[in-house]
Amino acid sequence: MIDDSKLGYKKYIFDEFEFESGEVLHDVEIEYTTRGTPKYDEDGNIINAIVYCHSFNGNCLSVGNLYQLIGPKSELSDFNFFCISITSLGYPESCSPSTTNLKFEFPHYSIKDCVNFKRKLLKEVFNITKVVGVMGMGIGGYETFTWACEYPDELEFMMVGNSSFKTGGYRYIISKTLNSIIDSSDAYFNPVYSEELSKIMLSINSLIYSVYYPKKVFYEYTRDEIDLYMDSFIYEGLSRDIYDFRYQNTSILNYDAEDKLSNIKAKTLIVSASEDVYYNPEFDAYPLKDKIENIEIILFDLEDYIQNDDYSNFIGIFREFLEEFKK
């Protein structure tokens, strides 16, 4: 184990990791961080662990965004959860096409591979095979759904924010278009990372920005405000490696957990934004009422959240939902 705890995270190295495809990588690096204090049973097993799965633009340190919910100074500190946040497979802080330098020869991976990547760390580092719950935002919600569908006996609750159980419709078109933009350039298969690839990422980030805010927010912005925020978003995204991006996008393109939703045993809380363009409650939240037995769906105004970055409105909801899992 590589101890980088002074930086807020730690590194661990798997001897090997096997993908669903059967391909195997050796000396695989994975990054993680924790919040809270582990609680043990009489056999030395951790009994208060929850896992946080970050969004598309995040990493393990994104758990810091949940400061109002997790940790000794949070408003739910009395729940005493030990939160483990792991940077997903395919992201540069963990094992990815860019950090392995395999680029387009990196093994293709699924959302289930991302889940197994995290389950392997839980087992090897913490000797954990079951957790109290899994939480996920955006693509982290994909991992949460997949975890609960594929391994229903390994978690007691799941909480998903602004996400979905499959890639279809509008999201499928966007993901397919993003891959088409990349594949249109021969530079992608060039061993040298060229300026052309950086220009492609500019176009990609422009398209992603178009679904980043709810419709209402965009219509209330002036053109100057749109240009300002758009330029900032686009250039921040230039730090993303195009090979990492394409593999992440492909895992999204192929994601579909709908047929396995009936496997879910975990108590489920779905939080969805009423004005979201990318994740629409009509198609991504409400259909779950007939597919998951023990479920609660909460809608909120995304515009208010963007402006305030405040979870306080949800504290009462989370407290009631989590009460039976309190440690």
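Buried here means under 20% relative accessible area, and partly exposed means between that value and the 50% over which a residue counts as exposed. The legends below describe a predicted model.

**View 1. Lysine 103, a buried residue with positive phi in the loop between β4 and α1.** Lysine 103 has a relative accessibility of 16%, and therefore counts as buried. This residue is placed in the loop that runs between β4 and α1, and its phi is positive, at about 50°, although lysine 103 is not a glycine.

**View 2. Asparagine 80, a partly exposed residue in the loop between β3 and β4.** Asparagine 80 counts as partly exposed because its relative accessibility is 28%.

View 3. Leucine 61 belongs to the loop between β3 and β4, where a relative accessible area of 34% makes it partly exposed. When residues up to four places away in sequence are left out of the count, leucine 61 touches Gly8, Tyr9, Thr33 and Arg35. Alanine 266 stands 205 residues from leucine 61 in sequence, and their C-alpha atoms are 26 Å apart in space.

**View 4. Leucine 155 in strand β6.** Strand β6 comprises residues 155-161 and includes leucine 155, which has 5% relative accessibility and so counts as buried. Leaving aside residues up to four places away in sequence, the contacts of leucine 155 are with Val131, Val132, Gly133, Val134, Trp147, Ala148 and Ala266.

**View 5. The largest nonpolar core and the surroundings of phenylalanine 126.** This core contains 69 residues, and those with the most contacts inside it are Ile84, Leu89, Leu121, Leu122, Phe126, Phe145 and Ile264. Helix α1 (residues 111-126) contributes the largest share of the core, namely 7 residues. Phenylalanine 126 touches Tyr32, Thr34, Ile46, Phe82, Ile84 and Leu121, again not counting residues up to four places away in sequence. Another core, of 25 residues, lies apart from the largest one and has Leu66, Leu76, Ala273 and Phe318 among its members.

**View 6. The crossing of helices α3 and α7.** Helix α3 (residues 169-183) and helix α7 (residues 242-253) have axes that come within 10 Å of each other and cross at roughly 145°, and the crossing is left-handed. On the α3 side, the residues in contact are Tyr172, Ser175, Lys176, Leu178, Asn179, Ile182 and Asp183, which meet Ile242, Phe245, Arg246, Asn249, Thr250, Ile252 and Leu253 of α7. By class, this contact is made up of 7 nonpolar, 4 polar and 3 charged residues.

**View 7. The setting of the close-ups within the whole chain.** The chain has 10 helices and 8 strands in its secondary structure. Its radius of gyration is 20 Å, close to the 20 Å that the globule rule gives for 327 residues, so the chain is as compact as a globular protein of that length. The C-alpha trace spans about 60 × 50 × 40 Å along its principal axes, and 50% of the 327 residues are buried. Of the contacts in the chain with a separation of 6 or more, 75% are between residues 24 or more positions apart.

Methods: Residues numbered from 1 in each chain as written. Predicted model: local features only at pLDDT ≥ 70, side-chain atom pairs only at ≥ 80, totals over all residues. Heavy atoms only, no water. Axes fitted to C-alpha atoms, helices over the stretch in contact; angles between N-to-C directions. Helix = DSSP H or I, 4+ residues; strand = E, 2+ residues; numbered from the N terminus. Left-handed = near helix turned anticlockwise from the far one by under 90°. Contact = heavy atoms within 4.5 Å. Nonpolar A, V, L, I, M, F, W, Y, C, P; charged D, E, K, R; others polar. Core = buried A, V, L, I, M, F, W, Y, C linked by side-chain atoms within 4.5 Å. Buried < 20%, exposed > 50% of the residue type's maximum accessible area, 1.4 Å probe, protein only. Rg over C-alpha atoms; globule rule 2.2 N^0.38 Å.
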